[in-house]
Amino acid sequence: MGFTRNSSLVALAVVAGALCAAVPSAEAARRPTRAEGTAIKRLALEVCPTPVGPCRYSGARVSTRNPRFAWANAIGEGFSGALVKRPRPHGTNFKVVGTGGGGISSCSYWRKRAPRPVLRDLRIGGLLNAAAGTSGNCG
């Protein structure tokens, strides 16, 4: 009893699918814990300007490359989010190190505030080349 061509292809597809599922993704940011999320939300809404209306918080991502960094999604007039950092990898004492909004920031702005692997992990984009107007992930 041997394999037919179709059963061999099915077996190959199953093995390939299992290998793809076992490989971690390049973007490994995680959801914050409840305590982290509460602290990040409070801080993001504090720094979000509200001249026109209230800001809307839509979650956060914590870097797995360096758990001291996180990105807070807070959307308001001229504001799109904040890069926050804490002194130790665990805890909830975050401070804002950079904000985005009102146009695209240059990658040099973000690279002064966080290492490239963190920027890549948190999917922080910016202006790569001001002369050419190209933008992309700053990591």
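This is a predicted model: local features need pLDDT of at least 70, side-chain atom pairs count only at pLDDT 80 or more; totals for chains, interfaces and linings use all residues.
Local features are taken only where pLDDT is at least 70 and side-chain atom pairs only at pLDDT 80 or more, while totals for chains, interfaces and linings use all residues. Numbering runs from 1 along each chain as its sequence is written, and side-chain values use heavy atoms, with hydrogens and water left out.

On the overall fold, the protein chain carries 4 helices and 6 strands (DSSP runs numbered from the N terminus: H or I of at least four residues for helices, E of at least two for strands). Going along the sequence, the pattern reads α-α-β-β-β-β-α-α-β-β. Of the 139 residues, 27% are buried, where buried means under 20% relative accessible area, exposed over 50% and partly exposed in between (1.4 Å probe, protein chains only). The accessible surface comes to about 8,500 Å², with 57% of that belonging to carbon and sulfur atoms (Shrake-Rupley method, 1.4 Å probe; for residues, only the protein chains shown count as cover). As for contacts (heavy atoms within 4.5 Å), 38% of those with a separation of 6 or more are between residues 24 or more positions apart.

Four strands make an open, antiparallel sheet in the order 1-2-3-4, with pairing called when DSSP finds at least two bridges between two strands. Strand 1 (56-62) and strand 4 (95-100) sit at the edges, each pairing on one side only. On average, neighbouring strands are turned by 20° against each other, direction ignored; axes here are lines fitted to C-alpha atoms, for helices over the stretch in contact, and angles run from 0 to 180 degrees between N-to-C directions. Inside the sheet, strand 2 (residues 69-75) and strand 3 (residues 81-85) run antiparallel and are joined by 4 bridges, and F69 stands opposite K85 in strand 3. Helix 2 (residues 34-47) lies across strands 1, 2, 3 and 4, running at about 130° to strand 1.

That leaves the cysteines. A search of the whole structure turns up 2 disulfides (cysteine sulfur pairs within 2.5 Å), and the bonded cysteines pair 1-2, 3-4 in sequence order. C48 is joined to C55 at an S to S distance of 1.7 Å; the link is left-handed, with -80° about the S-S bond, and both C48 and C55 are buried. In the other disulfide, the sulfur atoms of C107 and C138 are 2.1 Å apart. The C107 and C138 link is left-handed too, with -80° about the S-S bond. This pair connects distant parts of the chain, 31 residues apart: C107 belongs to helix 3 (residues 107-111) and C138 to the segment after strand 6 (134-137). C107 and C138 are both buried.
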